[in-house]
Amino acid sequence: MDDLTREFLLESREGLDRMERCLTDLETHPGDTELLAEIFRSVHTIKGTTGFLGFSRLEALSHAGENLLGLLRDGKLAAHPGIISGLLALMDILRGVLQSIDTTGAEGESPQADSAMIARLEELQHGDASVTLAEPVLAAVETAPSHPGKSRKSRGAGRRSSRQHGDSQGTPPPAEPGEAGPPKEAEAALRDAESQPRPAPAAVPSPSARPATQAQPEPPAAATPGAADSTLRVDVELLNRMMNLVGELVLTRNQILQATSTDANFALLGRRLDMVTADLRESVMKARMQPVSHLFSRFPRLVRDLALALDKRVRLEMEGQETELDKSLLEAIRDPLTHSIRNAIDHGIEMPDVRVAQGKPAEGLVRLRACHEGSHVIVEVHDDGAGMSIERIRQKAVERQLVPPQRAEQMNEREILQLIFLPGFSTAAAVTSVSGRGVGMDVVRTNVEKIGGKVEVDSHAGKGTILRLRIPLTLAIIPALIVHSRGQNFAVPQASLTELVHMSAGETDSRIEWLENAALYRLRGRLLPLVFLDRLLQQAPRERTAPCDIAILNADGRRFGLVVDGLADPEEIVVKPLAAVLREIGYYAGATILGNGEMALILNPGAIAQNANVSLSSEADDGLGDENRAGHHDFLLVETGNRRAALPLETVVRIERIPRSRIERAGSRPVLRFEGQLLPLDDAASELIDAGDDPEAQTTVVVCRDGDRHVGMTVSQVLDVTGGKQLEQAGSGGVAGGITLLHERVTSIVSLSGIPSLECVAESPAMEDFQPAEGQR
Amino acid sequence: MSDVHASPTQEVCSVQVGDTLYGVPIAHVLEILGKPATQPVPLAPYFVGGLVHYRGEVLTAVSLRRLLGMEPAKTPEDVLVFENPDGLFGLFVDSVGEVLHVSQAEHEPNPATLEARRQHLFAGAWKLKDRLLVSLEPERLDPMRLASAFPA
């Protein structure tokens with residue numbers, strides 16, 4: 001394929017993308033003349049160039065589109081959904097032809113589809129007479145010669161007429177080669193300047209004779225000249241190569257700086273070299289950045305088509321389109337994002353009547369948002385649809401045997417939501433053409449993780465879902481900590497590093513604890529599994545008492561400590577891909593060349609955690625709120641009467657010493673007024689009976705939350721807050737309910753639900769005031 | 001030298017590994033790296049000698065010694081850089097010698113008595129005046145191919 005055709009393809013695709021964006025916008029602003037002019041220009045450019053290159057099929061199609069657009073632009077016809085659908089369909093055909101030119105070099109043939117398309121566009125020109133505003137006769141006459149099946153000559157006549165058409169609006173289309181009709185005076189100079197360098201169509205196209213479509217004169221009315229005027233297309237390969245060379249330059253610079261540090265003159269030059277190199281590196285990186293609008297621009301169409309196909313009403317809002325991201329990353333999140341939007345519309349947004357019934361506006365909202373957050377770009381897909389039901393996900397996961405039922409029961413909300421990323425998971429009741437085939441979310445996650453990103457999901461039943469893609473700013477450079485293991489460098493991505501612990505020679509043996517073969521470290525009272533890098537990589541083993549450092553890593557919720565010989569400086573590293581044979585090892589995410597010229601392998605914490613069987617922990621961030629961790633709970637240890645009992649700590653709202661006088665009786669049961677509410681009280685310690693009638697005597701009451709009610713319990717003494725493990729019942733493999741091991745003693749857990757509610761209490765004077773209490777601590 | 005032979009000749013880069021002299025057609029050699037810094041890769045397939053840095057890229061380099069089951073080299077090795085369809089890779093050799101002109105007429109296929117692994121790796125030999133020059137074809141040394149041909 002010659003350069004000219006390649007350039008034409010690129011340009012036309014861009015034009016079509018722009019057109020697609022404008023068309024969907026047009027649907028909301030039907031009268032926007034600027035949009036119409038922009039669309040017209042796109043089609044016109046294609047038409048102009050195709051004639052020149054001899055792609056007659058493209059020419060005929062775009063010509064038909066142009067005629068319709070001409071009417072729209074001139075206000076002779078008003079845009080309505082029928083027209084927009086027609087133009088979108090035209091765009092799809094044009095894309096198909098471009099694709100065919102790209103792959104086979106020829107336009108391909110499909111005369112029936114073409115003539116049907118052209119006829120459809122014709123019909124649209126005439127079809128809606130009521131909205132044809134002015135000069136209907138003239139419009140009809142002008143467009144008449146463009147019927148399909150007419151000879152090329154007659155199409156040429158049509159083209160000329162449409163050009164006059166254009167001229168009357170002050171939009172000079174590029175001169176057609178071989179069609180040097182007398183130009184209108186107003187644009188004569190411009191037109192001449194433009195048409196001059198063009199050769200006759202018969203001439204062999206040469207690079208110098210490219211149609212200067214980018215320099216096409218903009219209509220004076222259109223106020224926004226495209227950014228294309230000041231930009232240049234560069235092959236990404238070339239940029240990659242430049243990036244590499246800059247990396248090379250950085251290394252050479254480092255060596256020069258070391259070699260010349262003694263000579264003052266050289267040092268000065270060296271510093272200058274240093275600055276220029278840093279600048280150059282930044283510029284090259286910048287050259288690879290593109291605003292996310294390049295990606296977002298395709299979504300209005302997607303949303304529109306999906307909504308139509310599903311009979312839903314969906315509005316798309318986009319924010320932060322100017323946020324820039326590395327070109328390759330932008331490509332990499334294209335599919336995940338498309339999937340996510342499909343999901344949001346198919347599964348998320350409800351049918352209009354359902355929405356109205358739930359008090360929501362009939363039109364659903366999908367919000368696409370991009371923003372910077374530190375060294376990441378966040379891309380969010382937010383829908384205000386049905387949200388995900390935790391219970392349904394749990395059921396589905398069990399049904400599809402993705403998790404054993406027992407495990408599913410123990411999982412908390414966060415873990416359950418993570419299940420949607422498992423391969424083969426889908427809650428769609430039926431497989432639709434849009435989604436529901438059980439692929440999707442796992443693909444989203446895999447693709448995003450492949451580029452070092454993360455996917456987070458947050459969903460509330462009835463309110464909607466937020467899917468958050470966390471993408472590193474650039475693939476090429478990541479901040480990393482360099483660690484040593486047995487004399488070799490390894491890079492640990494900072495993204496997964498949470499903290500560092502150093503152990504001096506004497507400490508290693510005592511502070512690393514062993515449970516059979518598993519090494520553990522007690523980090524703020526909790527046991528953290530350890531992975532020894534030297535053992536993992538089967539390097540020569542280190543002495544057990546040698547000093548070491550532990551890098552505490554969090555790889556997608558898996559926390560573990562990586563034991564290494566020592567730490568070097570953190571460094572911004574350029575990620576170099578590894579050959580396939582080395583990628584297969586799994587522990588390495590790539591390699592890099594350090595500032596000192598040495599190489600380092602980049603570790604993949606996720607793979608290491610997986611291999612070491614580190615399990616997902618449910619801790620939100622840095623080990624806070626671990627009460628839900630499976631099998632481990634904190635308890636309030638109390639004494640009631642003369643036996644010990646345990647209250648799950650997360651249920652405890654308050655511990656109070658209260659005078660006996662505040663405890664009242666409703667019927668035969670003691671009740672307590674607590675923050676304006678009445679609580680049922682369990683006199684487990686028999687404190688009330690023992691104390692007799694002394695109103696001044698005080699008693700200790702623990703107020704607990706039980707579901708959405710509060711209950712009180714009298715205790716003799718609060719002993720301790722302590723962690724305990726649930727015991728397994730011997731032989732059953734199941735958790736024994738109601739007892740736990742605290743301070744090496746089996747202790748029974750108080751069953752709060754066993755405290756009868758006030759509804760059972762007859763004739764309580766405060767009955768009407770009773771409301772379920774809100775949790776307060 | 002090449003004029004002497006009637007049959008077509010080619011230039012080969014001679015490399016020494018152990019006591020054997022090997023020859024690689026010079027057209028396949030992208031570059032020769034003299035004793036570059038190398039980085040071992042733990043858990044890598046046995047034939048991978050390590051990583052070398054080449055023009056901003058990190059190349060996987062195959063070790064001919066490891067491939068042939070020889071003792072590791074005692075001194076730093078040279079690396080030949082080859083190109084394969086997936087990218088570049090390197091080959092560790094003891095040292096790189098001079099470029100030799102060899103003629104097709106002097107080439108003979110592998111003897112049937114050669115051990116199977118070497119049958120697979122070598123592409124025959126050229127008969128030099130006083131010794132043999134074993135022919136190596138870079139495509140047989142491609143790490144991906146080696147991985148499938150000689151699984152660990």
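**Helix packing, chain contact and an open sheet**

Helix α12(A) passes α14(A) in a right-handed crossing, the near helix being turned clockwise from the far one by less than a right angle. The model is predicted: local features need pLDDT of at least 70, side-chain atom pairs count only at pLDDT 80 or more, and totals for chains, interfaces and linings use all residues. Residues are numbered from 1 along each chain as its sequence is written, and chains are lettered from A in the order in which they are written.

Helices (H or I, at least four residues) and strands (E, at least two) are DSSP runs, numbered from the N terminus. α12 (residues 299-310) and α14 (residues 334-348) of chain A pack at an angle of about 30°, with axes 10 Å apart. Axes are lines fitted to C-alpha atoms over the stretch in contact, and angles run from 0 to 180 degrees between N-to-C directions. Contact requires C-beta atoms, placed from the backbone, within 7 Å. A:Phe299, A:Leu302 and A:Val303 are among the α12(A) residues that meet α14(A). The α14(A) side includes A:Ile341 and A:Arg342.

Between the chains, 21 residues of chain A are in contact with 20 residues of chain B. α9 (236-259), α22 (580-583), β17 (588-593) and β18 (599-603) of chain A each supply at least two residues of the side that touches chain B. α9(A) gives the most, with four.

Chain B holds an open sheet of six strands, ordered β3-β7-β8-β6-β5-β4, with mixed pairing. Strands pair if DSSP finds at least two bridges between them. The edge strands are β3 (29-33) and β4 (38-39). Two bridges join β4(B) to the antiparallel β5 (residues 48-54). B:Gln39 stands opposite B:Leu51 in β5(B).

Note on methods:
Contact = placed C-beta atoms within 7 Å.
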